[in-house]
Amino acid sequence: MKERLRNSKYAKPFYYIVFFVVLFFVFLYTSFPTEGIKQQIISQITDNTPYQAEIGSASIAAPFSLKLQDVTLYRSKDNVLKIDSLKVSPSVFSLFSSSNIIPFKAKLNGGEIKGTLSINKSGSGLDEIDAEVKHVNVDNLTAFITGSEDALALRGALDGNLKIDFSPEALGEFNFTVDELELDNIMVKGIKLPALKGLQSVFSGNIEGRETNVQELNLKGDGIDLQITGKAPLIWEFSKGGVIDLGYRLEITGGEYAKYKGMLSPYLAQQRDGSLGGKIIGTVSNPKFEKGSVKRF
């Protein structure tokens, strides 16, 4: 095969093509303006999100991947999210098509998030995201998302997936679980309740327009079972506040959580089956608990 290629009339053009392709890639990797791109990404984050950003380094990898190391997003000096690495791999062919789909992979908090992003051709926004989350530690993530130090504190490892189409309005679905979930900083009527530990949780629903429809939010542990459904603001807009309308059912059967029942009974309605229930209304920043049964359960 090699001998036939060497003696072929196409041998010289072929070798020239290979030479120039290699030369092109060498030039691309050695002269790629990574510092300029790093500063552009920081500028986009600062201008379009409530966060400030720092990026340790940017580099290009074969064949067309951009890798960022040590990305830090700031809400404040003490409220930060650290991303160990972020790799995006746009296809050359997507540059010439109507669909600009970009695979990505981020490593953070002991786990990873990977999937695809679709950026509209004007570069002004996100058209679609399809992502899978694997064992990402959520410690104190709510404080970063909401921007409030008084937010409910979460601990545990998150797994799940989401797919959202943002054009023309948000439409999609999500399904997440957290094993060994711990909740702290729980406030009811101004009373801080003891932390809940060792919970198994499911959080699933869909997103339509400006609302998140919570189809299932279930927290279950030894002696406790909490179910929540209803409507909430878009997940990524919690920091802006927004109206919530959630119904809940809380069943406490004993064990270390038996003390909750006595503490909560004056504020929650007793249901026929012995569980406690009611509604959470108001806003994200100022939720209000109301007594009463919720038909959705």
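This is a predicted model: local features need pLDDT of at least 70, side-chain atom pairs count only at pLDDT 80 or more; totals for chains, interfaces and linings use all residues.
View 1. Check its backbone while you're here: phi is positive, at about 55°, even though His 135 isn't a glycine.

**View 2. Asp 70, another non-glycine with positive phi.** Asp 70 belongs to strand β2, made up of residues 65–76. Its phi comes out positive, at about 55°, and again there's no glycine here to go with that value.

**View 3. A patch of positive charge on the surface.** Five lysines gather here: Lys 67, Lys 87, Lys 105, Lys 114 and Lys 134. Pick out Lys 87 and you're in strand β3, residues 79–88. Is Lys 87 buried or partly exposed? With 35% relative accessibility, it counts as partly exposed.

**View 4. Glu 112 and Lys 107 in a salt bridge.** Side chains of opposite charge can pair up when their charged atoms come close. For Glu 112 and Lys 107, the closest N and O atoms are 3.2 Å apart. The two partners fall into separate burial classes: Glu 112 is buried, at 13% relative accessible area, while Lys 107 is partly exposed, at 38%. How many salt bridges turn up in a search of the whole structure? The search finds five, and the next two views show others among them, starting with Glu 182 and Arg 155.

**View 5. Glu 182 and Arg 155, a salt bridge between strands.** The side chains of this pair meet at 3.4 Å, N to O. Glu 182 is in strand β8 (residues 171–184) and Arg 155 in strand β7 (residues 153–165), so the bridge ties together parts that are 27 residues apart in sequence. Arg 155 is partly exposed, with 28% relative accessible area.

**View 6. Lys 279 and Asp 245, a salt bridge linking distant parts of the chain.** Here the side chains of Lys 279 and Asp 245 come together with an N to O distance of 3.5 Å. Lys 279 is in strand β16 (residues 276–283) and Asp 245 in strand β14 (residues 243–252), which puts the partners 34 residues apart. Both ends are partly exposed: Lys 279 has a relative accessible area of 28%, and Asp 245 has 31%.

**View 7. A phenylalanine cluster built from ring pairs.** Ring pairs join Phe 174, Phe 176 and Phe 203 into a cluster. To describe a pair of aromatic rings, you give the distance of the centres and the angle of the planes. The count for the structure is two aromatic pairs. Phe 174 and Phe 176 have ring centres 6.3 Å apart and planes at 25°, so this pair is stacked; the cut-off for stacking is under 30 degrees. Phe 203 counts as partly exposed, at 25% relative accessibility.

Terms used: Residues are numbered from 1 along each chain as its sequence is written. Side-chain values use heavy atoms; hydrogens and water are left out. Patches are made of residues with over 30% relative accessible area and no salt bridge: like charges are joined within 9 Å, nonpolar side chains (Val, Leu, Ile, Met, Phe, Trp, Tyr) within 5 Å. Accessible areas come from the Shrake-Rupley method with a 1.4 Å probe; for residues, only the protein chains shown count as cover. A salt bridge is a side-chain nitrogen of Lys or Arg within 4 Å of a carboxyl oxygen of Asp or Glu. Lys and Arg count as positive and Asp and Glu as negative; His and the chain ends are not counted. The place of a charge is taken as NZ of Lys, CZ of Arg, CG of Asp or CD of Glu. Helices (H or I, at least four residues) and strands (E, at least two) are DSSP runs, numbered from the N terminus. Buried means under 20% relative accessible area, exposed over 50%, partly exposed in between (1.4 Å probe, protein chains only). Rings of Phe, Tyr and Trp (its six-membered ring) pair if their centres lie within 6.5 Å; planes under 30 degrees apart count as stacked, over 60 as edge-to-face and the rest as tilted.
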